[in-house]
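Let's take a walk through this model together.

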Amino acid sequence: MLYFSTRNTEKKFTFEEIILNGLAEDGGLYIPEKIPTLTVNDINRLLSYDYETIAYEIIIKFTGQTFTSDVLKKMIHDSYSSFRSDVVTPLIKIDDSLSILELFHGPTLAFKDLAMQLLSRMIEEILSRNKSKASIICATSGDTGGAAVTSFANKRNIKLFVLYPKDRISEVQRRFMSTVHADNVKVISIDGNFDDCQNIVKTLFNDREFSKKVSLTAVNSINWARIMIQIIYYFSALSQYIGEKKNINFIVPTGNFGDIFAGYIAKKMGLPIHKLVIATNINNILERCLKTGIYEVFESIQTNSPSMDIQISSNFERLLFDLLDMNSENVEKKMSDLNKYGKFELGLSEAESFKNLFDAGSLKEDETINIIKDVYEHTNNIIDPHTAIGVGVHNKNSYENSIVLSTAHAAKFPNTVEKAIGVYPELPIKSDDIYQMQENIINLKSDIDEISSYIKKNFSE
Ligand SMILES: *Cc1c(COP(=O)(O)O)cnc(C)c1O
């Protein structure tokens, strides 16, 4: 299996190259040159397996010869054996039309653990056999950071720098990063918002000299390996689904369009998914784009579902590539419009295909609170604000056969949840002591020079 960039389909890359590079040199995102498809028999066979076996069967299709079968199986096992659920991502029935896929049983209670645990092992495995080192700079709106810090702590060949917007993430999110004490990890608060952090990361990547010097790689959801790993739980969800496994809608709380894009790939591989539904808060660039055909960046607004306070959905470029019939020149044009004018417009047929594949909906702040309350009163389940947005979009559209991805544990957003139901959600026992531990954070201005010199200095130490 080879890969190319959404902005240049002439040049091909191996899996090893794309997982280490993260972002393509031309600014595009890597994508497999062809998505492997499965027969109905293959799919039924996969759906009878446990999580680790499904994971192995899917990943090997994308990684080919990169890892031996034993090494890959061991990495998968080591990644998921510590999850607090035997099935890794349990599917919980809420009512006849709705189930919730719990993706928060990993070490930092967010779905990002699923990809990051395995991604970190893959990168470390490659670096150690190549006898090389790399640094990772990642921007986080809250959950990526914790998942990255926990996954990469003490990996010998990697230095990790995490940038987060100061005072814009929850205390639990911050503590999941700041209480992990490992020499190879630096947690940096930035005076700015998430888009500022993401822009700093992009600028550093585009600085060739800098990124060569510190062997920069990216583990944000622009890294294809994360998307690939997230495909697994769409299969796991259907393997647990009781009833006819047909025409299932997946409703996905969406920020950077990574998680839902994994669902789109699962569908392309042959999984019987009906609609993929984009669920967002009032930062609804994707919903607006689906409805009007115009992708236009507004100022991002702080909400009670902060992991989705995002205006530039980086992974949307991967879908755009498909909507534009894999024409990388046209992708390049749209992205340069976005850079110049803060927006681009889909053509009629592109907008039409987007609508055929996806639906979209969004919730306001008080609607989110009401859903948390409603679900608690009717089912006794405590859901987090992001999951609530998924449930709310399900209710608004009266879908049948929905699975909402539950992207975080309620205890990650305890204040909002308490406001809704009057109960303060407790952390699962294993995570409890983060409130006792010393925090370790560096504060920097949203200034490229300051940040790049900090990173250069610490990379060589
Ligand atoms: C990251 C995150 C999202 C958004 O996921 P994307 O892949 O960026 O669309 C949604 N919910 C939670 C809790 C998250 O941490």
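We will visit a sheet, then the ligand site, and then a single leucine.

Please bear in mind that what you see is a predicted model. Start with the open sheet, where three strands run in the order β2-β1-β3 with antiparallel pairing. Its edges are β2 (8-13) and β3 (30-32), and each of these pairs on one side only. From one strand to the next, the twist averages 40°. If you zoom in on β1 (residues 3-5), you will find three bridges linking this strand to β3 in the antiparallel sense. Across that pairing, Phe4 stands opposite Ile31 in β3.

Now move to the ligand. There are 15 residues around it, and those that come nearest are Lys112, Asp143, Gly255, Asn256 and Thr407. Backbone atoms take part here: a polar backbone atom of Gly255 is 2.8 Å from a ligand oxygen, and a backbone N or O atom of Asp259 lies 2.9 Å from an oxygen atom of the ligand. For Gly258, the distance from a polar backbone atom to a ligand oxygen is 3.3 Å. The ligand taken alone exposes 380 Å², and the protein buries 97% of that.

Our last stop is Leu346, in the loop between β13 (343-345) and α15 (348-357). Apart from neighbours within four places in sequence, Leu346 is in contact with Cys289, Gly293, Leu320, Ala351 and Phe354. For a sense of scale, Asp96 is 250 residues from Leu346 in sequence and 37 Å from it in space, C-alpha to C-alpha.

Technical notes:
Residues numbered from 1 in each chain as written. Predicted model: local features only at pLDDT ≥ 70, side-chain atom pairs only at ≥ 80, totals over all residues. Heavy atoms only, no water. Helix = DSSP H or I, 4+ residues; strand = E, 2+ residues; numbered from the N terminus. Contact = heavy atoms within 4.5 Å. Pairing = 2+ DSSP bridges. Axes fitted to C-alpha atoms, helices over the stretch in contact; angles between N-to-C directions. Near = heavy atom within 4 Å. Polar contact = N/O pair within 3.5 Å; in protein donor to acceptor, adjacent residues only side chain to side chain. Areas by Shrake-Rupley, 256 points an atom, 1.4 Å probe, with all protein chains shown as cover.
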